[in-house]
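I set out to record what could be looked up in this structure, entry by entry. The notes follow the order in which I consulted it.

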Amino acid sequence: MAAPSSTFSPADLRLFFRVASAPGKVLMTGGYLVLERPNAGIVLSTNARFYAILKPLYDQLESDNEWMDLKVNSPQMSRQTTYKMSIKDFTLECSRQVESRNPFVEYAVQYSIAAAYATLDKNKRNELPKLLLQGIEITILGCNDFYSYRNQIEARGLPLTPESLASLPPFTSITFNAGESDVKDCKPEVAKTGLGSSAAMTTAVVAALLHYLGVVDLSHCSFDQKSECSSHLDIVHMIAQTAHCIAQGKVGSGFDVSSAVYGSHRYVRFSPNIISSAQESVSTTPLDQVIGEVLKGKWDHERTKFSLPPLMNLILGEPGSGGSSTPSMVGAVKKWQKSDPQKSQETWNKLSEANSALEAQFNLLSKLAADDWDSYKAVIDSCSRFRSEKWIGKFSEASHVEIVKALLGARDIMLRIRCHMRQMGESAGIPIEPESQTRLLDVTMDTEGVLLAGVPGAGGFDAVFAVTLSDSSTNLTKVWSLHNVLALLVREDPHGVSLESGDPRVK
């Protein structure tokens with residue numbers, strides 16, 4: 001992609017206006033296990049997306065020097081942060097207090113621009129300063145489902161229902177801490193729902209920048225496309241994973257970034273040394289060289305296409321318990337593994353077997369749907385109106401009974417997974433499935449049309465998930481509302497990172 005000339009017309013500004021989005025996630029199986037190879041996790045991407053809106057700051061070069069102006073807007077948090085970035089060594093100087101900085105965006109910008117210098121040919125690389133010295137403005141926006149808006153709904157006297165949540169304007173401002181005298185400078189109270197906001201945000205920023213700088217072309221990319229388009233997604237994945245890990249200060253499993261890039265899939269993590277070696281060398285080696293090595297590294301993660309079988313719906317409920325700290329819970333599990341390696345390994349083996357069994361059961365249901373759609377649809381529609389204990393008695397035809405048995409098999413496996421996760425939590429001294437969540441999940445699984453339910457990812461007090469059949473989700477949202485649980489608007493959407501046609505606020 002050619003760099004612009006030193007002046008822009010309004011049409012040029014529109015041309016270089018870029019919007020990318022990336023989805024939030026739900027880790028349905030593989031909590032904790034996915035941290036270690038070769039354990040797999042099933043991660044579902046959602047219709048809750050983070051957006052990065054990118055455009056030049058100026059319509060002409062401000063000056064012919066090595067410092068680029070960068071402005072980062074976060075309207076939902078009432079934040080605007082300005083920087084100077086060296087295009088020689090990619091260092092960032094922030095003009096505001098530390099509280100307003102966002103390390104995920106900062107590393108996404110630095111590493112994406114370094115990737116451009118590391119990968120573009122000499123002619124395009126020589127043109128980069130002309131583009132960068134126009135400055136860059138990035139606006140980040142997250143769908144409401146990434147955050148908790150219970151307080152706003154209750155303050156308006158509205159019931160805890162999806163309809164109340166849907167009545168809020170898109171990209172609603174996040175509630176600020178009470179008792180702060182200066183609203184402009186107080187820290188926002190960010191109550192999250194556990195959809196992986198930082199991974200989705202990082203991926204969206206990286207994708208928008210890499211496309212803007214001509215490193216990748218995401219115009220027609222999807223999970224199904226191979227060769228050149230797939231290689232462009234791989235570049236986004238490598239840069240986003242690296243930026244996200246460095247911003248977190250640790251090399252995580254990476255399933256959240258992977259699903260933000262590629263969408264729903266079965267995931268096995270990459271070897272951590274790919275990024276840890278970059279962490280070690282970044283202080284002594286020019287950043288573009290470090291990123292060049294990252295892009296050439298042996299990324300050995302595995303992803304296999306996966307999505308829920310037809311006529312099944314992902315639904316999330318926010319219990320209003322305040323969320324949980326995933327890093328501290330992971331630390332407690334690792335400590336338990338070291339203190340009791342035999343018992344912890346036995347628990348992990350049982351969990352791994354159950355996770356694989358659930359995946360196989362879902363694949364079987366997808367196959368049964370493909371082999372005999374009419375029978376499959378008839379069974380799903382009928383079961384959606386009853387509790388699970390009544391399903392088997394509704395059918396006599398062999399093809400129908402086979403489908404019901406597969407549904408009940410998935411339920412039984414999920415109950416095993418929940419049991420093993422509770423045992424892990426008790427042994428590690430952390431609430432992976434707290435008693436309050438257990439009661440909620442039992443009520444959920446006893447509702448008409450609910451196939452299964454669980455705590456996603458690391459568990460704790462974040463939103464719970466359920467898989468419902470056909471049109472039965474309204475049954476569950478009513479039950480949840482009675483138990484003070486807010487059903488979110490999130491659904492599974494198997495698509496990953498995407499280039500958008502315009503600003504999502506004007507749709």
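**Entry 1: Helix pairs**

The model is a predicted one. I read an angle of about 160° for the packing of α12 and α14, with the axes 9 Å apart. I then looked up the hand of the crossing of α12 and α14 and found it left-handed. The residues of this contact of α12 with α14 divide into 17 nonpolar, six polar and five charged.

I turned next to helix α2 (residues 103–119) and helix α3 (residues 122–132), which pack at about 150° with their axes 9 Å apart. That angle makes α2 roughly antiparallel to α3. I noted a right-handed crossing where α2 passes α3.

**Entry 2: The cavity**

I asked how many cavities of 30 Å³ or more a search of the whole structure finds. The search of the whole structure returns one. I recorded a volume of about 110 Å³ for the largest cavity.

I then listed what surrounds the largest cavity: 16 residues line it, and Met28, Thr29, Ile417, Met421 and Val455 are those nearest its centre. At least two lining residues come from each of β1 (18–29), α12 (341–371) and α14 (398–428). Which element gives the most to the lining of the largest cavity? I found that α14 does, with four residues. By class, I sorted the lining of the largest cavity into nine nonpolar, five polar and two charged residues.

**Entry 3: The largest pocket**

I looked up the largest pocket and recorded a volume of about 1,000 Å³. Its lining has 42 residues, and the closest to the centre of the pocket are Lys25, Gln248, Asp256, Thr326 and Pro327. I checked which elements supply at least two residues each to the lining of the largest pocket, and found β1, α6 (197–212), α7 (227–248), α8 (255–262) and α11 (326–339). The lining of the largest pocket comprises 17 nonpolar, 19 polar and six charged residues.

**Entry 4: The loop between β1 and β2**

Tyr32 is placed in the loop between β1 and β2, and I read a phi near 70° for Tyr32, a positive value in a residue other than glycine. Pro38 lies in the loop between β1 and β2. The peptide bond from Arg37 to Pro38 is cis, with omega near 0°.

**Entry 5: Strand pairing**

I followed strand β2 (residues 40–56) to strand β7 (residues 265–268) and found antiparallel pairing over four bridges. Val43 has His265 of β7 as its bridge partner. From β7 I went on to strand β8 (residues 302–305), where the pairing is antiparallel over four bridges. In β8, Arg303 is the bridge partner of Tyr267.

I then took up strand β3 (residues 67–74) and strand β4 (residues 79–86), which run antiparallel and are joined by eight bridges. Trp67 is bridged to Ser86 in β4. The hairpin of β3 and β4 has four residues between the strands, and in it Ser78 takes a positive phi near 55°. Three bridges join β4 to strand β5 (residues 92–94), again with an antiparallel run. Lys84 stands opposite Glu93 in β5. In the hairpin of β4 and β5, with five residues between the strands, I recorded a positive phi near 70° for Phe90.

**Entry 6: A four-stranded sheet**

In what order do the four strands of the open sheet lie? I read β10-β11-β9-β12, with antiparallel pairing. The edge strands are β10 (450–454) and β12 (486–487), each of which pairs on one side only. Within this sheet I examined strand β9 (residues 312–318) and strand β11 (residues 464–469), an antiparallel pair with six bridges. Met312 stands opposite Leu469 in β11.

Key. Residues numbered from 1 in each chain as written. Predicted model: local features only at pLDDT ≥ 70, side-chain atom pairs only at ≥ 80, totals over all residues. Heavy atoms only, no water. 1 Å grid on protein atoms, 1.4 Å probe; cavity = no way out; pocket = protein on both sides within 12 Å on 5 of 7 lines; lining within 4 Å. Points joined across faces, edges and corners; volume = space filled by probe spheres on them. Nonpolar A, V, L, I, M, F, W, Y, C, P; charged D, E, K, R; others polar. Pairing = 2+ DSSP bridges. Axes fitted to C-alpha atoms, helices over the stretch in contact; angles between N-to-C directions. Parallel < 35°, antiparallel > 145°, perpendicular 65-115°, else oblique. Left-handed = near helix turned anticlockwise from the far one by under 90°.
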